[in-house]
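Q: I would like to go through a structure with you. Could we take a helix to start with and then change topic?

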Amino acid sequence: MHIQDGYLSTSVCLATGAVSLGAVGYSLHRMKDLLGERTVPLTGMMGSLIFAGQMVNFPIGLPVSGHLMGGVLAAAILGPWAGCVAVTLVLVAQWALFSDGGLLALGANVLHMAVLGSIGGYAVMTTVRKLLGGRFRGAVAGSVIAAWLAVLAASAVFCLEFRLSYAASNFDFGNIFTLMVTLHALIGVGEAIITGFVVSVIYQQRPDLIDMAQPVDSTVASSASRFAAAGLVCALAVAAFAAPFASALPDGLDSVAEQFRIAASAESTSGLFTNYDQIPIAGWQKLSVSVAGIGGSLAVFAAAVLIGRAIPMNAPVIATEATGE
Amino acid sequence: MSDFWDRYGRSVSICHRLPPVLKLALAVSIIVTGVAIPVRYWPAYGVLGCLVFAGHSIAGIPLGYLIKRLLIFLPFVSSMAISLPLSQGLDRGWDLMLQIMFRGCLAFLVSLWLVNVMPFEQLLVTLRKLKVPSVVVAILAFMYRYVFVVWDELDKMRTARKARSFSGGSLWFRWRTLSQMIGMLLIRSLNRAERIHGAMCSRGWDGEVRWLDDQD
């Protein structure tokens with residue numbers, strides 16, 4: 001998931017860096033107001049936890065294995081601002097210790113995982129939770145859906161950055177978009193399942209942690225608001241995947257790239273052919289993105305329901321007494 | 001674990017003795033140059049590559065270690081780069097893929113050099129000098145201190161899981177077990193954070209970070 005140096009052009013790296021700096025600066029400001037003197041120990045411990053949690057390998061039945069990314073998880077426990085700072089510092093430490101993820105690309109990585117993951121994820125999570133009625137299932141379903149959408153949004157934003165980086169080359173960016181988003185719809189299901197399980201375990205043991213981060217009234221939701229929640233999630237999924245059908249996004253990208261081409265005044269003729277090349281496989285693209293979208297949405301819904309059922313609220317509480325200091 | 005991460009951070013060489021800000025500036029400038037140079041000026045890449053290898057050999061980082069790290073890194077960079085020709089029907093995109101892979105490896109080697117000549121503590125001091133907010137540096141320092149503790153705890157839980165042979169079962173079951181492990185680890189870590197916070201408060205912690213070098 002980490003972007004290495006060399007994928008994106010320097011100007012795109014600087015622009016994403018500026019956006020991330022602003023977002024993280026604002027988060028720092030908000031976080032200190034909320035957490036007070038608990039800021040350093042809580043955020044630092046969450047950072048070390050995500051750092052270690054990312055090293056737990058989840059088998060997927062293939063030689064490769066997946067791992068947790070943790071942006072939504074951090075936001076579920078710490079709230080959006082401290083979550084964003086914690087994930088940002090995890091990325092900094094991963095670069096400084098492993099040289100994992102690039103130095104120039106740090107801004108882009110922070111934008112994808114911390115800003116989109118924690119702040120964006122938190123927005124989705126609390127909205128779903130509010131509509132589903134607050135308690136256990138709302139918390140789990142909210143985090144599952146938020147985790148999936150966060151991964152998807154990160155991949156879409158990456159495609160945009162990639163396109164801006166190589167605006168002048170004659171590439172079929174629609175295909176890259178298709179490949180990336182389809183792939184990340186699958187990766188996102190993994191992230192969603194892990195996040196959902198972790199949040200459900202925490203909710204059984206320490207519901208106060210999650211209720212503190214996501215204040216919500218305890219009134220039981222009416223069936224009307226549940227219906228509205230289902231509608232909202234459908235709308236989100238459609239919004240994520242209607243783009244190729246309406247081809248609004250690729251067109252927008254095309255026009256941006258076109259402007260860059262004119263500015264560069266290079267390869268002005270080769271740009272024309274890319275659009276013709278796109279036509280024969282355009283149908284395949286749209287079909288595959290929407291199949292991935294529908295399949296992914298269904299898988300995430302199934303995960304949300306199954307995780308909610310798999311561990312009932314009245315499960316025996318496991319002793320959580322930690323070892324001595 | 002620290003031994004694997006920045007194994008050569010504490011050895012002695014000219015590179016290690018350079019002022020930390022200079023090391024950081026050197027690494028950033030080489031990465032920026034590497035990303036900015038167009039591919040048609042390929043001799044410049046050769047020069048940069050030689051520079052990077054010279055830096056590594058002066059710092060006394062053995063070639064075997066570099067190759068080992070590169071072998072771990074290559075699958076990541078190539079899996080992303082291969083998506084370029086793959087998405088273009090295998091007839092275009094190979095040049096861009098090579099370009100990305102080459103630049104990626106160059107930047108990775110530079111980062112690796114920096115990691116190995118600048119221990120994490122030194123990075124924290126440098127960040128302080130560069131006027132990064134002290135709360136950020138304090139959180140990073142806290143993270144670095146406790147990541148080993150959390151890792152140890154995770155290792156104990158893994159051993160316990162292995163000893164009870166919870167390795168079989170369906171994929172769904174294994175995912176559930178592993179996620180529950182992370183969840184328990186999270187709760188234990190937060191409990192620990194609360195205890196540490198209590199200990200810090202009893203020693204006069206008021207949320208304000210004070211550094212020893214502030215006094216002079």
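Q: What covers the buried residues of α3(A)?
A: This is a predicted model, in which local features need pLDDT of at least 70 and side-chain atom pairs count only at pLDDT 80 or more, while totals for chains, interfaces and linings use all residues. Residues are numbered from 1 along each chain as its sequence is written, and chains are lettered from A in the order in which they are written. The cover of α3(A) includes α2 (39-53), α4 (80-98), α5 (106-132), α6 (136-165), α7 (173-205) and α8 (207-213) of chain A. Helices (H or I, at least four residues) and strands (E, at least two) are DSSP runs, numbered from the N terminus. Contact requires C-beta atoms, placed from the backbone, within 7 Å.

Q: How many residues of α3 in chain A are buried?
A: Eight of its eight residues are buried, among them Gly71(A) and Leu78(A). Buried requires 20 or more other C-beta atoms within 10 Å of the residue's own, placed from the backbone; exposed is 12 or fewer, and partly exposed lies in between.

Q: And what comes just after α3(A)?
A: Gly79(A) does, with a positive phi of about 90°.

Q: New topic: where does Met118(B) lie?
A: Met118(B) is in the loop between α7 (94-117) and α8 (120-129) of chain B.

Q: Why does Met118(B) count as buried?
A: Because Met118(B) has 22 C-beta neighbours inside 10 Å.

Q: How many residues does the contact take from chain A and chain B?
A: Chain A gives 59 residues and chain B gives 65 residues. On the side of chain A that touches chain B, the largest share, 13 residues, comes from α2(A).

How values were computed
Contact = placed C-beta atoms within 7 Å.
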